[in-house]
Amino acid sequence: MAQPHSNGDTALKPNAVKPKLPEMFKVLLLNDDYTPMEFVVETIEQFFNKSREQATQIMLKVHTEGVGVCGVYPLDIAETKMNQVLVHAKESQHPLQCVIEPA
Ligand code: TYC
């Protein structure tokens, strides 16, 4: 039986009581010299639900800085989006690269 003023399990095992938030991952596009800008913009619109304007800003950031974030998701969704981009690029014979990293 709990003593007066004790917090019981909450004090001893916080993780057993408080659900953990899912760990989040950034989906990044990497720059290259060959993939057309238009293809990158369309890819960002298609797989990351961005407007034309948002997708263009992300593409230009990747083009000028080498890397840019398309979105942040739980691991399973981040992996799925990365794979969708890589398959789409390969089918179109563009060398576009996509990676994930912890947010
Ligand atoms: N650098 C490419 C070009 O000049 C455009 C590009 C942008 C490629 C973003 C990849 O992730 C990328 N055609």
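What pattern does the protein follow when read along the sequence? The pattern is α-α-β-α-α-β-α-β. That gives five helices and three strands. The model is a predicted one. Of the 103 residues in the protein, 28% are buried.

**Around the ligand**

- The shell around the ligand is made of Leu29, Leu30, Asn31, Asp32, Thr35, Met37, Val40, Met59, Val62, His63 and Leu96.
- Sorted by class, seven of the shell residues are nonpolar, three are polar and one is charged.
- Three elements each supply at least two residues of this shell: strand 1 (24-30), helix 3 (37-48) and helix 4 (52-65).
- Helix 4 gives the largest share, with three residues.

- At Leu30, the backbone takes part: a polar backbone atom is 2.8 Å from an oxygen atom of the ligand.
- At Asn31, the side chain takes part: one of its N or O atoms is 2.8 Å from a nitrogen atom of the ligand.
- His63 also uses its side chain, where an N or O atom is 2.9 Å from a nitrogen atom of the ligand.
- On its own, the ligand has 350 Å² of accessible area, and the protein covers 89% of it.

**The aromatic pair**

- How many aromatic pairs does a search of the whole structure find? The search finds one.
- The partners are Phe48 and Tyr73, with ring centres 6.4 Å apart.
- Their planes meet at 35°, so the pair counts as tilted. Stacked pairs have planes under 30 degrees apart, and edge-to-face pairs have planes over 60 degrees apart.
- Two values describe such a pair in general: the distance of the centres and the angle of the planes.
- Phe48 belongs to helix 3, while Tyr73 belongs to strand 2 (residues 67-74), so the pair ties together parts that are 25 residues apart in sequence.
- Are these residues buried or exposed? Both Phe48 and Tyr73 are buried.

**Linking the topics**

Key: Residues numbered from 1 in each chain as written. Predicted model: local features only at pLDDT ≥ 70, side-chain atom pairs only at ≥ 80, totals over all residues. Heavy atoms only, no water. Near = heavy atom within 4 Å. Polar contact = N/O pair within 3.5 Å; in protein donor to acceptor, adjacent residues only side chain to side chain. Areas by Shrake-Rupley, 256 points an atom, 1.4 Å probe, with all protein chains shown as cover. Helix = DSSP H or I, 4+ residues; strand = E, 2+ residues; numbered from the N terminus. Nonpolar A, V, L, I, M, F, W, Y, C, P; charged D, E, K, R; others polar. Phe/Tyr/Trp six-rings, centres within 6.5 Å; stacked < 30°, edge-to-face > 60°. Buried < 20%, exposed > 50% of the residue type's maximum accessible area, 1.4 Å probe, protein only.
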